[in-house]
Amino acid sequence: MSFKKIGLLSLLALAFGVSFLSIILIQKNKPNAPVPRPSAFSGKLTIPAIDDLRVGSRKILLCGVAFAKPQSIRAMVTEVARRDYEGLALKCKPVGTGTPCDGNVASKFGGAVVVQCFTPDGRDFAATLAENGILCGQPAQAGSTYKSCLSGS
């Protein structure tokens, strides 16, 4: 290899190194883009079905509880829930913002936002539904936060 070719290759290698180093330094000094955090929302509860709850226009899934009863009583349980809770004002916060399910469930499931909701008096709505036997606590999602439908709970 000639001295001219070695010099040219060295110059190209130096230019590549300087370019690479400047890209790294530029990226290091750039502030990271803020990660959008899900935000709390409020609205009136509507209950198309016991496993299809909505607050305002958002489809929600209450973290830590689920309808885990025979499908044969689904319509009856839906009617009871509508009678007792339809139109209730709720304030909901998505999973990842300090709920009992943080780290155990995704923030979305299908088209629903996974949330913990509170009534105007500050009561956890999922706890109310579990205590009244409408929904069942799911220990894998929220530990012993909500009453399970299994015997002995």
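Cysteine 101 is buried, because its relative accessibility is 0% and the cut-off for buried is under 20%. Cysteine 63 is buried too, because its relative accessibility is 1%. The model is a predicted one.

Now to the cysteines that form bonds. A disulfide is a covalent bond between the sulfur atoms of two cysteines. The structure holds two disulfides. Number the bonded cysteines in sequence order, and the pairing reads 1-2, 3-4.

| Disulfide | S to S | Torsion about S-S |
|---|---|---|
| cysteine 92 to cysteine 117 | 2.0 Å | about 105 degrees |
| cysteine 136 to cysteine 149 | 1.8 Å | -90 degrees |

Start with the link of cysteine 92 and cysteine 117. The torsion about its S-S bond is about 105 degrees, so this disulfide is right-handed. Cysteine 92 sits in strand S5 (residues 89-94), and cysteine 117 sits in strand S7 (residues 112-118). The pair therefore ties together parts that are 25 residues apart in sequence. Are these two cysteines buried or exposed? Both cysteine 92 and cysteine 117 are buried.

Next comes the link of cysteine 136 and cysteine 149. With -90 degrees about the S-S bond, this link is left-handed. Cysteine 136 belongs to strand S8 (residues 136-137). Cysteine 149 lies in the segment after helix H4 (139-142).

Aromatic rings come next. How many aromatic pairs does the count give? The count comes to one aromatic pair. Its members are tyrosine 85 and phenylalanine 125, with ring centres 5.4 Å apart. Their planes meet at 80 degrees, so the pair is edge-to-face; the cut-off for that label is over 60 degrees. Tyrosine 85 lies in helix H2 (residues 74-85) and phenylalanine 125 in helix H3 (residues 125-131). The pair therefore ties together parts that are 40 residues apart in sequence. Tyrosine 85 is buried, with a relative accessible area of 11%. Phenylalanine 125, at 1% relative accessibility, also counts as buried.

One more ring contact remains. Which residue lies over the face of phenylalanine 41? Arginine 58 does, at 4.2 Å from the ring centre.

How values were computed: Residues are numbered from 1 along each chain as its sequence is written. This is a predicted model: local features need pLDDT of at least 70, side-chain atom pairs count only at pLDDT 80 or more; totals for chains, interfaces and linings use all residues. Side-chain values use heavy atoms; hydrogens and water are left out. A disulfide is a pair of cysteine sulfur atoms within 2.5 Å. Helices (H or I, at least four residues) and strands (E, at least two) are DSSP runs, numbered from the N terminus. Buried means under 20% relative accessible area, exposed over 50%, partly exposed in between (1.4 Å probe, protein chains only). Rings of Phe, Tyr and Trp (its six-membered ring) pair if their centres lie within 6.5 Å; planes under 30 degrees apart count as stacked, over 60 as edge-to-face and the rest as tilted. A charge sits over a ring if NZ of Lys or CZ of Arg is within 6 Å of the ring centre and within 35 degrees of the ring normal.
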